[in-house]
Amino acid sequence: MNPPPADAAAPRPPRRRVHTRARLLAAASELFLTVGFARTSIEDVCTAAGYTRGAFYSNFGSKEDLLLALFDDQAAQRMTELEQLAAACEELAPQERARLLVGALLRVEPAESGWILLFLEFRLVAARTEGLAEQVSAHDRAVARALADVLERALPELVPPGASAGQAAAVILAAREGLLARTAAGGVAAEELLEATAAVLSGLLG
């Protein structure tokens with residue numbers, strides 16, 4: 001996800017605060033992936049990072065805000081990887097390129113398995129919490145806009161005639177989320193479902 005252009009006149013956060021935020025995110029990431037979102041408290045994160053609750057609240061409004069920030073970082077990394085892959089396979093035939101790129105969008109590497117479970121856990125929590133559900137929806141819309149931007153700039157062949165880049169992005173993300181829920185345990189069945197989804201989706205989009 002590409003960040004919005006910085007306003008040259010806008011004050012930058014102090015370097016110490018940037019460092020504090022990074023340490024809190026790193027500590028939270030390890031805890032969330034190890035014991036889960038519900039079983040990790042703000043106090044746990046502060047202790048692991050070596051900061052007080054005051055330092056936490058100067059950077060994040062809540063534990064949910066912290067996790068959404070981590071999800072933002074993950075989404076940004078995926079968008080960067082997708083653009084790099086798009087540039088690397090420009091010489092492929094359109095259908096082959098479409099299938100490769102859709103497969104890359106949908107595939108979840110083994111190292112990401114912890115993020116899958118964390119993502120699903122947080123979805124369930126958000127679904128039962130009205131205010132949090134809207135926060136998650138806002139996050140989803142931001143990720144969809146970022147993916148639509150990538151599609152328009154680097155992957156126009158994945159936007160079917162008569163559809164917008166935003167609609168294509170929404171379908172791809174929905175398919176990925178469904179795969180996350182169905183393939184969290186991994187195995188042969190998960191791989192077969194991934195291949196089938198990539199084949200069908202690339203055919204429809206490409």
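Q: At what angle do H4 and helix H6 pack, and how far apart are their axes?
A: Bear in mind that this is a predicted model. H4 and H6 (residues 113-127) pack at about 135°, and their axes lie 12 Å apart. The crossing of H4 past H6 is left-handed.

Q: Which residues make the contact between H4 and H6?
A: From H4 come Glu 64, Leu 67, Leu 68, Leu 70, Phe 71 and Gln 74. H6 contributes Trp 115, Leu 118, Phe 119 and Phe 122.

Q: Let's turn to cores. Which residues of the largest nonpolar core touch the most other members?
A: The general idea is that nonpolar side chains tend to be buried together in soluble globular proteins. Here, the largest nonpolar core has 29 residues, and Leu 147, Leu 151, Leu 155 and Leu 158 touch the most other members. At least two residues of this core come from each of H4, H5, H7, H8 and H9. H7 gives the largest share, seven residues. Apart from this core lies another, of 27 residues, including Leu 118 and Phe 122.

Q: What is Leu 158 in contact with, leaving aside its neighbours within four places in sequence?
A: Leu 158 is in contact with Ala 98, Leu 101, Val 102, Leu 151, Ala 168 and Leu 205.

Q: Which residues of H5 are buried, and what do they pack against?
A: Arg 97, Ala 98, Leu 101, Val 102, Gly 103, Leu 105 and Leu 106 are buried in H5. The buried residues of H5 pack against H4 (63-88), H7 (130-154), H8 (165-183) and H9 (188-205).

How values were computed: Residues numbered from 1 in each chain as written. Predicted model: local features only at pLDDT ≥ 70, side-chain atom pairs only at ≥ 80, totals over all residues. Heavy atoms only, no water. Buried < 20%, exposed > 50% of the residue type's maximum accessible area, 1.4 Å probe, protein only. Helix = DSSP H or I, 4+ residues; strand = E, 2+ residues; numbered from the N terminus. Contact = heavy atoms within 4.5 Å. Core = buried A, V, L, I, M, F, W, Y, C linked by side-chain atoms within 4.5 Å. Axes fitted to C-alpha atoms, helices over the stretch in contact; angles between N-to-C directions. Left-handed = near helix turned anticlockwise from the far one by under 90°.
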